[in-house]
Each structure stands twice: as structure tokens, then as C-alpha cells.
Amino acid sequence: MCISFSPTYKNLIEYFDSPDPIGSTTVYKSKPSVSYSMVKQMAKVFVNGYGNIGRRLASALSRDNEISLLGIAKYTIDEQILKDLKNKFDIYVPENLALKYKSSIAGSIEEAVSASDLVLDAAKEGEGYSNKIRFYQPLRKPAIFQGGEERHGDRAVAKMIHNSRVNYDEASGKQYVIQGSCNVSGMGKVMQPLMESFGDEIQRYDVTLVRRWADLEDSKEVTDSIQWDKNPHHQEDVKDFIPYANLYVEAFKVPSRMMHLHQMIVRFRSKAPTRDRILDLFNKEFAVAILNSAKGTADVRMKAIELGFEHGDTNMVHIHQDVLRVQEETLKIVYSDDQTGLVIPENHLLLQSMILRRPRSEAVKRTDKLFRISDKKRLLEREFA
Ligand SMILES: NC(=O)c1ccc[n+]([C@@H]2O[C@H](COP(=O)([O-])OP(=O)(O)OC[C@H]3O[C@@H](n4cnc5c(N)ncnc54)[C@H](OP(=O)(O)O)[C@@H]3O)[C@@H](O)[C@H]2O)c1
């Protein structure tokens, strides 16, 4: 089953009536109309890959008036795709297709990379490495890779995995960085505040990732099975940016398209903090909502669609207060993780660190305005009070 939806902003606009200083929330365009002096300062960004992640990156960046979105790459192309995309973005294709479609495209991928200040690589898992070797390295272009790429071994694309809550500043000026995957980003968002507040009082973290099988937009079938993962990469990925955590991760894939659900069991050396203290801690966190009455991941996803959130994304993790438990030395946290939406503001933050070298507090403000995360958080918390 593939559920299709076309989000509108009607409901969202009813809730948020303040003008957005960053850009309109409804218009997709690759070249915002701006003065020459602004153009001079705008960072030129190319989105290489237009799947579930690439299309979200492109629509977000097209609303950011300090970014000049050069366009997007399409590897599979036909007249219908060109027609659908033509008024949204400039399209770049591999060299071997450029001649055939020359009247409808802006150029080749190599030309786009060459003209950009930064590439957001959103290739299907594993292709980022070939892109790096073929385009980014020879043309000396910085690039952000996605969580499906390798951090170690022969096909490693970067020496760093970014999590905006943990190591934003370290990405400043770097040439290549991987944005952690959705599961890895979610774990970092929950673990880091706990580490900062309780540090050595915590003995270990045991996390069970219940992973969705496919995304809502995917055409691939969802298999009726619960599949285990012999060696979940998520554990090592999180340790890349939180190296001292005593962390153990198990991952199971379940037949769902909605969201991931994580259960994190945190063992303290002595009595665990109270529920109220934990909730207070997360209440202050950016892109972490605290919900009380959702019954499952589909409730949260369908609410986001009903409320007209762009792409049906909440762009955050949601701690489910009704199943948060404290028992003697043990804290159990259950949170849902918006698989497609969470990493998009993370990429936006990362690019601000890499090429704009902006302090984190300012970057968070801009990202919050662009994605309306704090507004969405308040709204979801009200809906699931
Ligand atoms: N989906 C998620 O929830 C999610 C969440 C976090 C991170 N990620 C990571 O984000 C990355 C992309 O995932 P996705 O879900 O967006 O995949 P996807 O929907 O399968 O899309 C991948 C896209 O890559 C394009 N492509 C093919 N060859 C390419 C190349 N050499 N260079 C660039 N693009 C190429 C394809 O374009 P055509 O359609 O034109 O053939 C396709 O649309 C992966 O590393 C994944 O692990 C995914």
C-alpha cells in the first residue's frame, strides 16, 4: 500500500499568521527574486539526487532567501518528469542524457557542481562515494552526504558525522561531512541532553530501534515480517559523535511506513531522576516535542498531514510522556522519530556551519523560522495533550 497525499497549508496558515521573514511557505522556486547585492552574498547550493530526501531539501532551500538553489539532479528522466518539475527547479542530468533533453534542462550535473559553493548529496544509498570521486573532489567542492553513506572503510565519504545538538561547531569550514541518518539523529537529540545533565551518573544506554519498512512515498512493497539487523550501524554512528557513551543498539524493521519508534533504556548508577525532571529537560529542547495522547506513530504522521505540515513532516522527535517510566535506577523513554523530516533541518543547520560558519544559536533561529519547528511543536503538543 502506498498512501499518497498532497499537503496544503490551509490549516497551518490558520495557526501561524505571522509573516515569515525567511521566505514564503508555499512557493517552490529555485531562483528567488532578490537584488543584485543579495545575489552576490548568496551561497549557491546544488541538490544532487531528488528522492525522498532530495525533494525535501530542495523545497526547503528554495524558500531560504540567503541560499541560491541552483537546481536538482535527475538521473531517471522522461517528458512527464520534466513537465512536473519544470516550474519548480532547474534540472541537471548526467552528461549522457544532456543532449537528448537539452531544450528542457539547465545543464549537466558536472556543470551544476562546478557552479556551486556546496553540494547537498541526496543520492540513493552508497552512490555518494562515486559522486565524491567523480565530481566533488576533482572540482574541489564541499559536500554534505546523507546517512546511508559510509563513514569508515574503502568507500568512506567523510571523517565526521554531524548531529546539530552535539558537534555543530566542529563542522565549521569542513569540506565533507555526513549528516547522521534519521535514527542516528534522533538518538543524538535524546542522549546529549541526558549526558549534559547527568553525565557520569548514567551507567549505560540500551536502545531498541523499531524501524519503519518504507516511506509513505515509496512504491516498494512492505513485507509482512519483523526483520532483525545483525549489526546495526547506528551504534557506531552515534559513537562517532558521542564517543564515551556506553551504548548498545538493537534494530528491528517492521511493516510500517509511518515513523520509527525508539525505546531507550537508561540505567543510572543510583536512583534515576524523577519523571518531571526528565520532562522539564526535554521541554527546552529544539525539535523535541512532548506528547501525551498519541496511540502510535500513525497518529502523529496523520496529524502532521491533516495540519498541512509540508511533506507531512514534523521535522522532530516526539517523546511519548504517557509511556515514559522511571523505576528505581532505570529510566525508559519511548519516542517517535520522523524518518523523512528530521534530517532536513539538520542538513540546513549543517550547511550553515560548513559554509556560512554561523554560530549555532543563530543558525537554530534561522532553521526554526524556515521550518517553523517551534510552532509545529506547540501545535502537536496541544493536539496530543
Ligand atoms: N528516506 C529516509 O527516510 C531517509 C532518512 C534519512 C536519511 N536517508 C538517507 O538519504 C539518502 C537518500 O535516501 P532517499 O530515501 O531520498 O532515497 P530515494 O528516495 O531512493 O532517492 C534516491 C535518489 O537518488 C537518485 N540517484 C540515483 N543515482 C544517483 C547518483 N549517482 N547521485 C545522486 N543521486 C542519484 C535517484 O534519482 P532518480 O529518481 O532521478 O533516478 C533517486 O531519486 C540515503 O543515504 C538514505 O540512507 C533517508
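Helix axes are treated here as lines fitted to C-alpha atoms over the stretch in contact, and the angles between them run from 0 to 180 degrees between N-to-C directions. Helices (H or I, at least four residues) and strands (E, at least two) are DSSP runs, numbered from the N terminus. The model is predicted, so local features need pLDDT of at least 70 and side-chain atom pairs count only at pLDDT 80 or more, while totals for chains, interfaces and linings use all residues. Residues are numbered from 1 along each chain as its sequence is written, and side-chain values use heavy atoms, with hydrogens and water left out.

The secondary structure of the chain comes to 14 helices and 16 strands. Of its 385 residues, 55% count as buried, a term that means under 20% relative accessible area, with exposed meaning over 50% and partly exposed lying in between (1.4 Å probe, protein chains only). Taking contact to mean heavy atoms within 4.5 Å, 75% of the contacts between residues at least 6 apart in sequence join residues at least 24 apart.

Helix 10, residues 275-283, holds the buried residues Ile278, Leu279, Leu281 and Phe282. They cover an arc of only 155° around the axis, which puts them on the same side of helix 10, the arc being that of the directions from the helix axis to the C-beta atoms. An α-helix has 3.6 residues a turn, so residues three or four places apart point the same way. The cover over the buried residues of helix 10 includes helix 8 (182-198), helix 14 (373-383), and strands 13 (288-291), 14 (317-320) and 16 (330-337).

Helix 8 packs on helix 10 at an angle of about 115°, with the two axes 10 Å apart, and the crossing is right-handed. A crossing is right-handed if the near helix is turned clockwise from the far one by less than a right angle, and left-handed if anticlockwise. On the helix 8 side the contact is made by Lys189, Val190, Pro193, Leu194, Ser197 and Phe198, and on the helix 10 side by Arg277, Ile278, Leu281 and Phe282. These residues divide into 7 nonpolar, 1 polar and 2 charged, where Ala, Val, Leu, Ile, Met, Phe, Trp, Tyr, Cys and Pro count as nonpolar, Asp, Glu, Lys and Arg as charged, and the others, Gly among them, as polar.

Helix 8 also packs against helix 9 (residues 233-241), at an angle of about 50° and with the axes 9 Å apart. That makes helix 8 oblique to helix 9, since angles under 35 degrees count as roughly parallel, over 145 as roughly antiparallel, 65 to 115 as roughly perpendicular and the rest as oblique. This crossing is right-handed, and in it Asn183, Val184, Met187, Gly188 and Met191 of helix 8 meet His234, Asp237, Val238 and Phe241 of helix 9. By class, the contact has 5 nonpolar, 3 polar and 1 charged residues.

Elsewhere in the chain, helix 3 (residues 52-61) is mostly covered, with 8 of its 10 residues buried. Its buried residues, among them Arg56, Leu57 and Ala58, pack against strands 1 (43-48), 2 (67-73) and 5 (118-121) and against helices 12 (343-354) and 13 (360-371). Isoleucine 72 belongs to strand 2 and is buried, with a relative accessible area of 0%. Leaving aside neighbours within four places in sequence, the contacts of isoleucine 72 include Ala58, Phe46, Val47 and Phe89.
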